[in-house]
Amino acid sequence: MAEEVILLDLWSSPFGTRARIALREKGVHFDLREEDLPSNKSPLLLQMNPVHKKIPVLIHNGKPVCESHIIIQYIDETWGPESPLLPSDPHERARARFWADYVDKKIFPPGRTAYRSTGEAQEAAKKEFIEGLKAVEGELGDKAYFGGERFGFLDVSLIPFYSWFYAVETLTGCSFEEECPKLVRWGKRCMQRESVARSLPDQHKVYDRMSEIRKKVQAQ
């Protein structure tokens with residue numbers, strides 16, 4: 001019996017992008033189903049994630065897995081043991097999970113505020129976003145990827161936000177090339193991977209989407 005793998009997703013979601021990259025890194029064939037959010041959530045989404053009612057949701061043979069980092073770990077444990085995303089060493093695994101959690105708590109929130117706001121609120125959020133990126137850049141150091149020479153869990157966690165760089169630069173007037181040059185080079189390196197290039201949304205489409213959201217927020 002063939003496996004059924006479905007991903008409920010939204011093209012612009014960095015969290016959904018993580019799941020797409022992980023599945024493609026493992027060579028898993030999946031049915032990508034785009035949700036019409038936030039106003040028209042599908043019955044399948046509400047059935048498979050009744051608690052949060054959010055994407056992404058990975059459905060493997062009828063069983064749902066929710067939350068992007070949990071999905072990545074599930075994918076890593078289920079497919080392709082010859083090419084693991086998480087390190088084998090327990091301490092290195094814990095370290096990767098720590099920084100992935102940092103991305104969600106210290107990079108995503110100020111990044112979202114930076115493109116949605118103006119004035120002092122935007123400046124404060126931009127500063128916090130850049131500080132968060134610099135902290136992660138320090139963890140990267142001079143390595144090719146966060147795990148060394150192997151593309152892995154933390155790379156999958158952070159790289160979706162690379163597609164935000166153009167939009168945030170344009171909307172806030174900063175330069176990530178100047179602020180985080182090693183991280184920008186890492187982003188370009190990751191984009192050479194087929195799994196990443198196929199999964200990340202076009203930066204200009206992301207800009208259009210962020211601009212649209214910004215106008216709606218400011219009109220409220």
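A residue is called buried here when its relative accessible area is under 20%, and exposed when that value is over 50%. Please also keep in mind that this is a predicted model.

With that cut-off, let us turn to strand 1, residues 5–9. Five of its five residues are buried, so strand 1 is largely enclosed by the rest of the structure. On which sides is strand 1 covered? Both faces are: Val 5, Leu 7 and Asp 9 are buried on one side, and Ile 6 and Leu 8 are buried on the other. As background, side chains in a regular strand alternate between the two faces of the sheet.

Next, the partners of strand 1. Strands in a sheet pair through backbone hydrogen bonds, in either a parallel or an antiparallel manner. Strand 1 runs parallel to strand 2, residues 31–34, and four bridges join the two. Within that pairing, Ile 6 is opposite Asp 31, and Leu 8 is opposite Arg 33. With strand 3, residues 57–60, strand 1 pairs in the antiparallel sense, again over four bridges. Here Leu 7 faces Leu 58, while Val 5 has His 60 as its bridge partner.

Strand 3 has buried residues on both sides as well. Val 57 and Ile 59 point one way, Leu 58 and His 60 point the other way, and all are buried. Strand 3 is also joined to strand 4 by four bridges, and these two strands run antiparallel.

In what order do the four strands lie? The order is 2-1-3-4, in an open sheet with mixed pairing. Strand 2 and strand 4, the latter at residues 63–66, stand at the edges with a single partner strand each, so one side of each has no neighbour in the sheet. From one strand to the next, the twist averages 20°. Helix 1 packs on this sheet, where it touches strand 1, strand 2 and strand 3, and its direction makes about 155° with that of strand 1. Helix 1, residues 14–25, also belongs to a right-handed β-α-β unit together with strand 1 and strand 2.

How do these elements relate to the annotation? An unreviewed UniProt entry places the feature "domain: GST N-terminal" at residues 3–83. That span is 36% helix and 21% strand, and its end C-alpha atoms lie 20 Å apart. The unreviewed entry also places "domain: GST C-terminal" at residues 89–217. Over residues 89–217 the chain is 76% helix and 0% strand, with the end C-alpha atoms 45 Å apart.

Finally, I would draw your attention to two individual residues. The first topic is Gln 73, which is found in helix 3, residues 68–78. Is Gln 73 buried or exposed? At 17% relative accessibility, Gln 73 counts as buried. Leaving aside residues up to four places away in sequence, Gln 73 touches Leu 86, Arg 97 and Phe 153.

The other topic is Arg 198, which lies in helix 10. With a relative accessibility of 52%, Arg 198 counts as exposed. Arg 198 and Arg 20 are 178 residues apart in sequence, yet their C-alpha atoms are 8.7 Å apart in space.

Conventions. Residues are numbered from 1 along each chain as its sequence is written. This is a predicted model: local features need pLDDT of at least 70, side-chain atom pairs count only at pLDDT 80 or more; totals for chains, interfaces and linings use all residues. Side-chain values use heavy atoms; hydrogens and water are left out. Buried means under 20% relative accessible area, exposed over 50%, partly exposed in between (1.4 Å probe, protein chains only). Two strands pair if DSSP finds at least two bridges between them. A crossover is right-handed if, with the strands pointing away from the viewer, the path from the first strand over the helix to the second runs clockwise. Axes are lines fitted to C-alpha atoms, for helices over the stretch in contact, and angles run from 0 to 180 degrees between N-to-C directions. Contact means heavy atoms within 4.5 Å. UniProt positions are given in the numbering used here, feature names are shortened, and annotations may be inferred rather than shown by experiment.
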